[in-house]
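Please look over the two-chain structure shown here before reading the briefing that follows.

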Amino acid sequence: MSDGPEKQFDLSQRRLTTRQGIDTEELTGRTFPYQFDPGLVEGIDLQASTPGDDLNWLEDIHLMEEDGIPAVFDRYTNAFLKIHFDIPSGREDEFARKVLIKHLQEGNSYGIWLKHQHAKFPQPELGPWLTESATVGENWTPPTVERWDKSFTF
Amino acid sequence: MVAMNPPTEQDTRGVRNDIRGLAEPDAEAPKVARIEGGTATFDAADLSPRLVNLELRRLVYGEGVREIRVENPGAKHSIAVGLLARCRITINGSLGYFGATLGDGPEIHITGRVGWSVAENMMSGVVVIDKNAGSLTGAAMRGGDLVVRGHVGARTGIDQKGGTIIIGGNAGSMTGFMMQRGRQIICGDVGPGMGDSMYDGAIYVGGTVAALGVDCVEEELTPDDEELLDRKLGIYRMDRPDTFRKFVCGKQLYNYDNLEPSERKLVL
């Protein structure tokens with residue numbers, strides 16, 4: 001689960017480019033161990049991690065490719081998460097789904113993390129992939145833009 | 001406390017919205033549910049949609065209840081919306097429009113009928129409707145299973161981006177209009193314009209098709225398709241028609257040889 005908005009990601013570490021197709025590593029400024037070690041995701045029970053009697057929404061998740069590297073698309077961040085380990089042949093989608101679920105369950109999805117600042121209504125910090133999630137959005141205030149003065153005219 | 005909007009015309013009707021557009025911003029969960037052994041039941045007859053939803057959120061988020069039964073929903077609109085946790089909700093009756101929308105995780109069973117746009121924008125979960133549904137069923141759905149045991153109106157799965165829509169009866173015109181991903185399984189007949197301007201995904205039809213839409217073509221079923229049909233209809237205990245036909249995008253309207261990254265993400 002997330003350590004909170006100030007601890008989860010050190011945004012000073014990231015190096016944003018102007019290219020299209022920004023991936024998770026660029027947004028968060030870091031990588032995650034399960035991108036490199038299949039042993040960290042091997043034991044994930046996909047069936048138990050999703051609603052219903054089959055894979056439910058994971059049925060639409062497949063192994064894809066970003067920058068020539070195998071990757072899984074994280075729809076909650078609108079970014080790809082690259083997978084740097086060798087994936088056993090015939091198990092491409094399975095490992096893509098397991099890496100994604102691990103990423104979500106550990107609270108590392110950048111788009112989900114943004115809930116700390118932008119969630120307008122009380123809701124679970126993480127989604128249905130984790131029970132007993134913390135609540136965010138209880139004290140939302142309208143955002144203000146620094147140095148913005150409504151009386152200012154161009 | 002969230003700031004309130006300046007007075008609007010709505011205020012004269014006694015309805016207030018805060019700066020987020022939230023109606024009845026000061027409303028609190030009515031706490032009328034009876035909780036017994038992890039299961040909660042409450043009567044929605046005298047509750048506004050806002051209060052019904054607040055009570056559902058209190059039970060799921062606050063009390064950790066995972067089994068809820070709602071009695072007398074009275075065809076109210078926008079019930080059981082925006083629930084972002086695993087839970088099972090049975091709504092004993094019918095809903096109006098935009099029922100069970102924006103869900104990410106809940107498994108919702110509606111024993112009656114539903115109006116427009118049921119399960120619109122569902123991210124994950126299961127929504128089962130025992131009777132008929134109106135138009136725009138599963139509009140812009142992203143994932144999960146949406147099951148209608150009866151008939152549905154027009155534009156089922158319009159702009160669908162994922163998930164599986166399963167219809168036990170017939171579907172109206174423009175089914176799968178601008179569909180981008182996902183699957184539709186329709187056991188009965190389908191009206192004209194099916195799959196018009198669909199971009200990707202598959203529509204399986206057990207009955208007849210009045211007319212195909214622009215750039216929708218028939219394709220051979222594969223063993224994977226047969227497995228999907230058997231699995232989904234088996235899970236929801238629905239009779240499988242003897243034969244199914246599969247319809248997909250003909251890709252004659254594709255304007256891009258290689259999708260730009262941002263455009264590519266829009267359909268993922």
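Which strands of chain A does helix H2 of chain A lie across? Helix H2 (residues 92-105) of chain A lies across S2 and S3 of chain A, and it runs at about 50 degrees to S2(A). This is a predicted model, in which local features need pLDDT of at least 70 and side-chain atom pairs count only at pLDDT 80 or more, while totals for chains, interfaces and linings use all residues. Residues are numbered from 1 along each chain as its sequence is written, and chains are lettered from A and ligands numbered from 1 in the order in which they are written. Helices (H or I, at least four residues) and strands (E, at least two) are DSSP runs, numbered from the N terminus. Angles run from 0 to 180 degrees between N-to-C directions, the axes being lines fitted to C-alpha atoms, for helices over the stretch in contact.

**Chain A: overall layout**

- Chain A has four helices and five strands, and from the N terminus on these elements follow the order α-β-β-β-α-α-α-β-β.
- Of the 154 residues in chain A, 34% are buried, where buried stands for 20 or more other C-beta atoms within 10 Å of the residue's own, exposed for 12 or fewer and partly exposed for anything in between, with C-beta atoms placed from the backbone.
- Among contacts in chain A between residues at least 6 apart in sequence, 52% join residues at least 24 apart; two residues are in contact if their C-beta atoms, placed from the backbone, lie within 7 Å.

- An open sheet of three strands in chain A has the order S1-S2-S3 with antiparallel pairing, and two strands pair if DSSP finds at least two bridges between them.
- Strand S1 (64-66) and strand S3 (79-82) of chain A stand at the edges of this sheet with a single partner strand each, so one side of each is left without a neighbour in the sheet.
- Strand S2 (residues 69-74) of chain A pairs with S3(A) in the antiparallel sense over four bridges, and A:Ala71 stands opposite A:Lys82 in S3(A).
- H2(A) is mostly covered, with 10 of its 14 residues buried, among them A:Phe95, A:Val99, A:Leu100 and A:Ile101, and the buried residues of this helix pack against S2 and S3 of chain A.
- The 14 residues of H2(A) should span 20 Å at 1.5 Å a residue, which agrees with the 20 Å between its end C-alpha atoms; the expected span is 1.5 Å times one less than the number of residues.
- Just after H2(A), A:Gly107 takes a positive phi of about 75 degrees.

**Chain B: the 12-stranded sheet**

- An open sheet of 12 strands in chain B has the order S1-S2-S3-S4-S5-S6-S7-S8-S9-S11-S14-S13, with mixed pairing.
- Strand S1 (34-36) and strand S13 (216-219) of chain B stand at its edges, each with a single partner strand, so one side of each is left without a neighbour in the sheet.
- S1(B) and strand S2 (residues 39-43) of chain B run antiparallel and are joined by three bridges, with B:Glu36 opposite B:Thr39 in S2(B).
- Six of the seven residues of strand S5 (residues 104-110) of chain B are buried, so S5(B) is largely enclosed by the rest of the structure.
- S5(B) runs parallel to S4(B), to which four bridges join it, and also parallel to strand S6 (residues 124-129) of chain B, with five bridges.
- B:Ile110 in S5(B) stands opposite B:Ile91 and also opposite B:Ile129 in S6(B).

**Chain B: two individual residues**

- B:Pro25 lies in the segment before S1 of chain B and is partly exposed, with 17 other C-beta atoms within 10 Å.
- B:His151 lies in the loop between strand S7 (145-148) and S8 of chain B, and with 18 C-beta neighbours inside 10 Å it counts as partly exposed.
- Leaving aside neighbours within four places in sequence, B:His151 is in contact with B:Asn132, B:Gly169 and B:Asn170.

**Between the chains**

- Contacts between the chains involve 23 residues of chain A and 30 residues of chain B.
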